[in-house]
Amino acid sequence: MKKNKFIPICTPFDERSVDQITRHKFEIIKVASCSFNDWPLLEKVCLSKKLVIISTGGHSLENIDKVYNFFLHRNIDFALMHCVSIYPTPKKQLN
(Lines give C-alpha, C1' and ligand atoms only; values in the text may rest on other atoms or scores of the structure.)
Protein backbone atom coordinates (compact mmCIF):
# COMPACT_ATOMS: atom_id res chain seq x y z
CA MET A 1 0.00 0.00 0.00
CA LYS A 2 2.71 2.48 0.96
CA LYS A 3 4.69 1.64 -2.17
CA ASN A 4 1.67 2.79 -4.20
CA LYS A 5 1.23 5.91 -2.00
CA PHE A 6 -1.91 4.71 -0.24
CA ILE A 7 -2.44 5.58 3.41
CA PRO A 8 -3.09 2.45 5.45
CA ILE A 9 -6.18 2.65 7.67
CA CYS A 10 -7.57 -0.05 9.93
CA THR A 11 -10.77 -0.47 11.99
CA PRO A 12 -10.53 -2.19 15.39
CA PHE A 13 -13.55 -3.81 17.00
CA ASP A 14 -11.93 -4.50 20.39
CA GLU A 15 -9.08 -3.17 22.50
CA ARG A 16 -6.63 -5.94 21.53
CA SER A 17 -7.04 -4.96 17.89
CA VAL A 18 -5.76 -1.46 18.66
CA ASP A 19 -2.51 -3.04 19.85
CA GLN A 20 -2.25 -5.00 16.59
CA ILE A 21 -2.89 -1.82 14.58
CA THR A 22 -0.05 -0.14 16.44
CA ARG A 23 2.24 -3.13 16.00
CA HIS A 24 1.56 -3.21 12.24
CA LYS A 25 2.22 0.55 12.00
CA PHE A 26 -1.09 1.62 10.48
CA GLU A 27 -1.16 5.41 10.29
CA ILE A 28 -4.86 5.96 10.92
CA ILE A 29 -7.47 4.23 13.03
CA LYS A 30 -11.06 4.31 11.77
CA VAL A 31 -13.78 3.86 14.36
CA ALA A 32 -16.82 2.11 12.90
CA SER A 33 -20.33 3.43 13.53
CA CYS A 34 -21.13 0.29 15.52
CA SER A 35 -18.26 1.11 17.91
CA PHE A 36 -19.15 4.79 18.25
CA ASN A 37 -20.24 4.47 21.91
CA ASP A 38 -17.76 1.76 22.93
CA TRP A 39 -15.98 3.89 25.54
CA PRO A 40 -13.29 1.34 26.51
CA LEU A 41 -12.40 0.96 22.82
CA LEU A 42 -12.39 4.73 22.29
CA GLU A 43 -10.10 5.17 25.30
CA LYS A 44 -7.69 2.58 23.91
CA VAL A 45 -7.80 4.30 20.49
CA CYS A 46 -6.84 7.59 22.17
CA LEU A 47 -3.91 5.95 23.93
CA SER A 48 -2.50 4.93 20.54
CA LYS A 49 -1.93 8.62 19.68
CA LYS A 50 -2.75 7.88 16.03
CA LEU A 51 -4.92 9.93 13.70
CA VAL A 52 -8.55 8.83 13.99
CA ILE A 53 -11.57 8.88 11.65
CA ILE A 54 -14.89 8.31 13.42
CA SER A 55 -18.02 7.21 11.53
CA THR A 56 -21.21 8.82 12.82
CA GLY A 57 -23.83 6.64 11.10
CA GLY A 58 -27.01 6.15 13.10
CA HIS A 59 -26.03 8.42 15.98
CA SER A 60 -27.79 11.46 17.40
CA LEU A 61 -26.24 14.91 17.47
CA GLU A 62 -26.11 14.58 21.27
CA ASN A 63 -23.98 11.42 21.06
CA ILE A 64 -21.82 12.95 18.33
CA ASP A 65 -21.16 15.92 20.64
CA LYS A 66 -20.10 13.54 23.44
CA VAL A 67 -17.65 11.66 21.25
CA TYR A 68 -16.38 14.91 19.69
CA ASN A 69 -15.62 16.33 23.14
CA PHE A 70 -14.10 13.03 24.29
CA PHE A 71 -11.47 13.19 21.54
CA LEU A 72 -11.06 16.97 21.71
CA HIS A 73 -10.22 16.91 25.42
CA ARG A 74 -7.63 14.20 24.88
CA ASN A 75 -5.82 16.25 22.20
CA ILE A 76 -6.24 13.56 19.56
CA ASP A 77 -6.19 14.52 15.87
CA PHE A 78 -9.50 13.21 14.56
CA ALA A 79 -12.15 13.70 11.91
CA LEU A 80 -15.83 12.89 12.02
CA MET A 81 -17.09 11.09 8.93
CA HIS A 82 -20.72 11.84 8.21
CA CYS A 83 -22.43 8.71 7.05
CA VAL A 84 -25.88 7.22 7.16
CA SER A 85 -26.92 3.67 7.93
CA ILE A 86 -30.15 3.53 5.94
CA TYR A 87 -30.04 2.49 2.28
CA PRO A 88 -31.51 4.01 0.24
CA THR A 89 -31.63 7.08 2.47
CA PRO A 90 -34.63 9.43 2.34
CA LYS A 91 -33.42 13.04 1.95
CA LYS A 92 -35.12 14.06 5.22
CA GLN A 93 -32.83 11.66 7.12
CA LEU A 94 -29.51 12.91 5.74
CA ASN A 95 -29.12 15.61 8.46
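Reader: Which residue in β2 is the bridge partner of I9?
Author: This is a predicted model, in which local features need pLDDT of at least 70, side-chain atom pairs count only at pLDDT 80 or more, and totals for chains, interfaces and linings use all residues. Residues are numbered from 1 along each chain as its sequence is written, and side-chain values use heavy atoms, with hydrogens and water left out. β1 and β2 pair in the parallel sense over two bridges; two strands pair if DSSP finds at least two bridges between them. In β2, the partner of I9 is I28.

Reader: In what order do the elements of the protein run from the N terminus on?
Author: Helices (H or I, at least four residues) and strands (E, at least two) are DSSP runs, numbered from the N terminus. The protein has three helices and four strands. From the N terminus on, the order is β-α-β-α-β-α-β.

Reader: Which strands stand at the edges of the sheet?
Author: The four strands form an open sheet in the order β1-β2-β3-β4, with parallel pairing. Two of them have a single partner strand each, so one side of each is left without a neighbour in the sheet. These edge strands are β1 (9-10) and β4 (78-81).

Reader: Which residues of β2 are buried on its two faces?
Author: In a regular strand the side chains alternate between the two faces of the sheet. Buried means under 20% relative accessible area, exposed over 50%, and partly exposed in between (1.4 Å probe, protein chains only). Both faces of β2 are covered. The buried residues are I28 and K30 on one side, and on the other I29 and V31.

Reader: What share of the 95 residues is buried, and what share of the accessible surface belongs to carbon and sulfur atoms?
Author: Buried residues make up 33% of the 95 residues. Accessible areas come from the Shrake-Rupley method with a 1.4 Å probe; for residues, only the protein chains shown count as cover. The accessible surface comes to about 6,600 Å². The share that belongs to carbon and sulfur atoms is 56%.

Reader: Is C46 buried or exposed?
Author: The relative accessibility of C46 is 4%. C83, with a relative accessible area of 22%, is partly exposed. C46, by contrast, counts as buried.

Reader: What is the phi of K25, and what is the phi of K49?
Author: Most residues other than glycine have a negative phi. K25 lies in the loop between α1 (15-23) and β2 (28-31) and is exposed at 59% relative accessibility, while K49 lies in the loop between α2 (39-47) and β3 (51-55) and is exposed at 63%. Phi is positive in K25, at about 65 degrees. In K49 phi is also positive, near 60 degrees.

Reader: Are the rings of F71 and F78 stacked, edge-to-face or tilted?
Author: Rings of Phe, Tyr and Trp (its six-membered ring) pair if their centres lie within 6.5 Å; planes under 30 degrees apart count as stacked, over 60 as edge-to-face and the rest as tilted. There are four aromatic pairs by this rule. The rings of F71 and F78 have centres 5.6 Å apart and planes at 40 degrees, so the pair is tilted.

Reader: Which residues do ring pairs link into a cluster?
Author: F71 is buried, at 0% relative accessible area, and F78 is partly exposed, at 22%. Both belong to the cluster. Its members are W39, Y68, F70, F71 and F78.

Reader: Which residues is E43 in contact with, leaving aside its neighbours within four places in sequence?
Author: E43 lies in helix α2 and is partly exposed at 31% relative accessibility. Contact means heavy atoms within 4.5 Å. With those neighbours left aside, E43 is in contact with F70 and R74.

Reader: Which residue lies over the face of F70?
Author: A charge sits over a ring if NZ of Lys or CZ of Arg is within 6 Å of the ring centre and within 35 degrees of the ring normal. Over F70 the distance from the ring centre is 3.6 Å. The residue is R74.
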